[in-house]
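Please read the following briefing alongside the sequence and the coordinates. It takes up a few local features in turn, grouped by topic.

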Amino acid sequence: MKCAIETIYKPGMPAQQLADNLIDIYFDGKEPSFPLNPFKLMRDLGIVYQFMEFKDLEGIYMVPEDEEDIALIGINAKRPITRQRFTATHEICHHLKDRNSSICAIVPSGTPREQYADQFASELLMPIKYLSQFVKKYIQDGFVSFEAALKITDYFGVSFSSCVNTLAYKLQLIAGDTTPKKLKNRIKNFKPDLKKQQLGMEVESILLLKQVVDSYTFFWNVEPSLAWYKFKGDFIYNENRLERLNLDDDVVAEIITDLRMNRSSSEYCKESYEEIVQVLGHSSLYDYIFDTQDKLSIYKIQSLNKQLYQYAPYPEAGGVYRRENNMVTGAEFETLEYTQVVQAIVDLDPYVTELQQNLEEVEVSEYIEKAVKIHHRLTGSCQPTCRIKDI
C-alpha cells in the first residue's frame with residue numbers, strides 16, 4: 001500500500017484530486033472514518049515525525065537523501081492540536097509530491113508549492129464530498145449557524161476558522177456578510193473556545209490528542225538512561241508546578257543531577273526546605289520505578305509513598321494511611337471518609353492487575369487514561385459516589 005500511495009501524484013494533478021486519490025487508496029475504497037488521523041498516516045508511510053520547539057516555523061519536511069534514508073517531518077510543539085494536524089497533512093503533501101525534488105525543504109509561505117500543500121491539507125482533513133453529506137443535518141433555512149459549525153469542527157478535527165471559511169466560500173452555507181475581513185472578525189467575536197465551554201464541549205479534543213499518542217514512535221537514538229534523566233527532570237519540574245512549588249526547571253535539574261552523582265553525600269540531602277525535600281523524594285521514587293523489576297501491586301503503595309517522603313523532616317509519616325477526614329480548600333467535592341480508604345485501595349487491585357496483564361493489548365492512550373483514573377482514586381480526592389467501574 002505504501003508504494004501505491006507514494007506514486008499517486010502526477011505532474012499537474014490538482015490538490016483536491018491528490019487528496020481524493022489518497023483517501024481512496026488508504027481506505028481501500030471504503031468510506032473513511034473521521035476525524036482522519038494524519039499521524040497514523042505518516043507512520044504508515046514510513047515517515048518519522050517529531051514535535052519540535054520551533055519559534056515561528058509551523059513545520060518542516062526533510063527530504064530523504066536516498067532510497068535507504070527515511071523522511072522526517074518536524075511539527076511545531078507550541079501550536080494547538082488542530083493546527084498540528086493541518087501542518088502534518090501539509091507536510092504529507094510534500095512527501096507525496098516533492099520528495100524527489102531538489103527544492104529546499106524550507107520554502108516561504110504563499111508560494112505556489114506551499115499553497116498547493118495547504119489546499120491538499122484542507123481537502124484531506126475535510127473532504128468536500130463528505131462535508132456536504134455531513135452538514136445536511138445542520139442546515140436551517142438554507143444556512144449553517146456558527147454553533148452548528150462547532151460540531152462540524154469537532155467531527156472533522158479541524159480549526160473553527162477553517163471550517164467556517166470552507167462552509168462560507170466552498171458551500172455558501174454561512175449567512176450574512178462573508179467578505180474575508182468581515183468573516184474573520186465575526187469568527188473572532190464569536191469566541192469559539194468560550195462557546196464550546198458554554199455548550200459543554202471539549203475545548204481541545206481528547207480524541208485528537210489520543211491519535212497523536214497512539215501513532216507516535218520515539219525515533220532518536222539516545223541512551224535510555226539519558227532520555228530517562230531528561231524526562232524525569234521535566235516531569236518533576238511540572239509536577240512541582242502543579243503543586244505550586246516555586247522551583248525553576250534549571251534548579252530542579254541541578255538538584256536531581258547532584259543527587260544522582262553524590263547520593264547521600266549530596267548537599268541537598270542536608271537541606272530541610274520543603275521544596276527541596278519533595279524534589280529529592282520524587283527523584284528517588286522515580287529512579288526506583290525506572291530500575292525495579294518488582295511486579296507492581298496496589299499493596300506496594302505504602303512503601304512507594306514512604307520512599308517519596310524519605311527525606312522529609314518526619315519520614316515516619318510516609319506510607320501511613322490518613323487517620324482523619326480532610327478537606328480540599330476551595331474544592332467542590334468531598335474526599336473519602338478515612339475509614340473507607342483501606343477498602344478503597346484493596347478494591348483497586350483487580351484494576352491495577354488487569355491493566356498490567358493487558359499492557360500489550362491496549363493503545364497507549366487507553367493505558368494512560370486508565371492509569372489516570374486509578375491515580376484519581378488513589379488520591380482519595382474524588383467524591384464518595386465516584387464509581388470504581390468507571391475505570
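**Backbone, helix and surface features**

Lys 191 is partly exposed, with a relative accessible area of 46%, where partly exposed lies between buried, under 20% relative accessible area, and exposed, over 50%, for a 1.4 Å probe and protein chains only. The model is a predicted one, in which local features need pLDDT of at least 70 and side-chain atom pairs count only at pLDDT 80 or more, while totals for chains, interfaces and linings use all residues. Residues are numbered from 1 along each chain as its sequence is written, and side-chain values use heavy atoms, with hydrogens and water left out.

**Positive phi and a cis peptide**

- Although Lys 191 is not a glycine, its phi is positive, at about 55°, and the residue lies in the loop between α9 (180-190) and α10 (192-198); helices here are DSSP runs of H or I with at least four residues, numbered from the N terminus.
- Asp 28, likewise a residue other than glycine, has a positive phi near 55°; Asp 28 follows α2 and is placed in the loop between α2 and α3.
- Asp 28 is exposed, with a relative accessible area of 61%.
- The loop between α2 and α3 (38-44) also holds Pro 35, which is joined to Phe 34 by a cis peptide bond with omega of about 0°.

**Helix α2**

- Helix α2 (residues 15-26) has 12 residues and should span 16 Å at 1.5 Å a residue, which agrees with the 16 Å between its end C-alpha atoms; the expected span is 1.5 Å times one less than the number of residues.
- The buried residues in α2 are Ala 15, Leu 18, Ala 19, Leu 22, Ile 23 and Tyr 26.
- These residues cover an arc of only 135° around the axis, which puts them on the same side of α2, the arc being that of the directions from the helix axis to the C-beta atoms.
- An α-helix has 3.6 residues a turn, so residues three or four places apart point the same way.

**Nonpolar surface patch**

- Val 213, Val 364, Ile 368 and Val 372 form a nonpolar patch on the surface, with about 300 Å² of accessible area together (Shrake-Rupley method, 1.4 Å probe).
- Such a patch is made of residues with over 30% relative accessible area and no salt bridge, with nonpolar side chains (Val, Leu, Ile, Met, Phe, Trp, Tyr) joined within 5 Å; a salt bridge is a side-chain nitrogen of Lys or Arg within 4 Å of a carboxyl oxygen of Asp or Glu.
- Helix α17 (residues 364-379) gives the most to the nonpolar patch, with 3 residues.
- Ile 368 is placed in helix α17 and is partly exposed, with a relative accessible area of 42%.

Conventions: Helices (H or I, at least four residues) and strands (E, at least two) are DSSP runs, numbered from the N terminus. Patches are made of residues with over 30% relative accessible area and no salt bridge: like charges are joined within 9 Å, nonpolar side chains (Val, Leu, Ile, Met, Phe, Trp, Tyr) within 5 Å.
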